[in-house]
Amino acid sequence: MKKVYINEYGPRVSAAVYGFWRWTEEDLADSKKFEEIVLFTRELGIDTYDLSSSGGQLETQFGKLIESGAINQSELILSTKVGRREYSGAYGSGIYYDLSSQHITKSVEQSLSRLKRDKIDILILENFDFLSNFEQTASALLKLQRSGKISYIGVSNFNVFQQRLLSSSLSQPIITNHLELNLLQTEALHDGRYDFIREQHSRALAFSPLADGRILLGEDAQAVKLRLALIEIGKKYEANVEQIAVAWLNKLGALPIIGSKEKRRIQNAATAHTFELTQEDWYFLYNATK
């Protein structure tokens, strides 16, 4: 698979990224299926993985594969997240975000232990924490970088001003923003987030490249109109709807995060880099969503 730089400073990653956000606890408990899918993605040339530290089960399973020698950790680029926490009590339960220096440092140590690794390649701060002291957050991140425990810093769902605020306290670049981007969700192209990423000479990590299946199966008028356009462009490249939808992201310069658990769908998305849409094709599809 083709390799690209996510930022001018690195790292070099596979043109498609695999993520596990659709894997449930039950899915992760099936270690045989987990190993089968990870090894399948490696066969396709994917070497970059988007992990989540929520609950730690995913990192633990991935760590077992590394420890067993089933996958060679020196060939991998691993990204994991920090910041998301849960609360529960008499007043109910919910999610909140904590980007304090203490929580970041503790989370990284726990992730490294679960992954059986000495380093996290890309640490993603998951959503903006309105209460964080970003000078302290930045200080913790830089200490982790200098100690070799993380290599690069990214963010998830930050707007331009939030990313700029954190950047102002960092001496190292934020190399990516992990955001939702697909033909049915183009808000990032219009609110400045994508342009700001490009200004930083970086690439976006685009999750939900098929709009959570709506591009494939949606019955609303917008989804149906888009699907017909994808089919039409697909005839030109002898490609299916999934491949064309992901190729649209590739043409934009974004890195699609594949989330399917089905081999056929993983392969469709992973092979979209083998051809390139023309500018006319790209805008034809973009206009089809309007």
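Q: What should I keep in mind about the model itself?
A: This is a predicted model, in which local features need pLDDT of at least 70 and side-chain atom pairs count only at pLDDT 80 or more, while totals for chains, interfaces and linings use all residues. Residues are numbered from 1 along each chain as its sequence is written, and side-chain values use heavy atoms, with hydrogens and water left out.

Q: What links the side chains of R214 and D220?
A: A salt bridge is a side-chain nitrogen of Lys or Arg within 4 Å of a carboxyl oxygen of Asp or Glu. The side chains of R214 and D220 form such a bridge, at 2.8 Å from N to O.

Q: How many salt bridges does this rule give?
A: The count comes to 20 salt bridges. One of these joins the side chains of E75 and R42, at 2.8 Å from N to O. E75 sits in the loop between α3 (57–68) and β5 (77–82), and R42 in helix α2 (residues 31–43), so this pair ties together parts that are 33 residues apart in sequence. Those element names come from DSSP runs, numbered from the N terminus: helices are H or I with at least four residues, strands are E with at least two. E75 is partly exposed at 42%, and R42 is partly exposed at 21%.

Q: Which elements does the D281 and K236 pair tie together?
A: The side chains of D281 and K236 meet in a salt bridge of 3.1 Å, N to O. D281 belongs to helix α13 (residues 279–288) and K236 to helix α10 (residues 221–237), so the bridge ties together parts that are 45 residues apart in sequence. D281 is buried at 5%, whereas K236 is exposed at 52%.

Q: How do α10 and α13 pack?
A: Two packed helices are described by the angle between their axes and the distance between the axes. Axes are lines fitted to C-alpha atoms, for helices over the stretch in contact, and angles run from 0 to 180 degrees between N-to-C directions. For α10 and α13 the angle is about 165°, with the axes 8 Å apart. That makes α10 roughly antiparallel to α13, given the cut-offs: under 35 degrees is roughly parallel, over 145 roughly antiparallel, 65 to 115 roughly perpendicular, and the rest oblique.

Q: Which residues of α10 and α13 meet?
A: With contact meaning heavy atoms within 4.5 Å, K225, L226, A229, L230, I233, K236 and Y237 in α10 meet D281, F284, L285, N287 and A288 in α13. These residues divide into eight nonpolar, one polar and three charged. Here Ala, Val, Leu, Ile, Met, Phe, Trp, Tyr, Cys and Pro count as nonpolar, Asp, Glu, Lys and Arg as charged, and the others, Gly among them, as polar.

Q: At what angle do α11 and α12 cross?
A: The axes of α11 (residues 241–252) and α12 (residues 263–270) come within 8 Å and cross at roughly 40°. That makes α11 oblique to α12. E242, Q243 and V246 in α11 meet R264, R265, N268 and A269 in α12, a contact of two nonpolar, two polar and three charged residues. E242, R264 and R265 are also linked with E262 in a network of salt bridges.

Methods. Buried means under 20% relative accessible area, exposed over 50%, partly exposed in between (1.4 Å probe, protein chains only).
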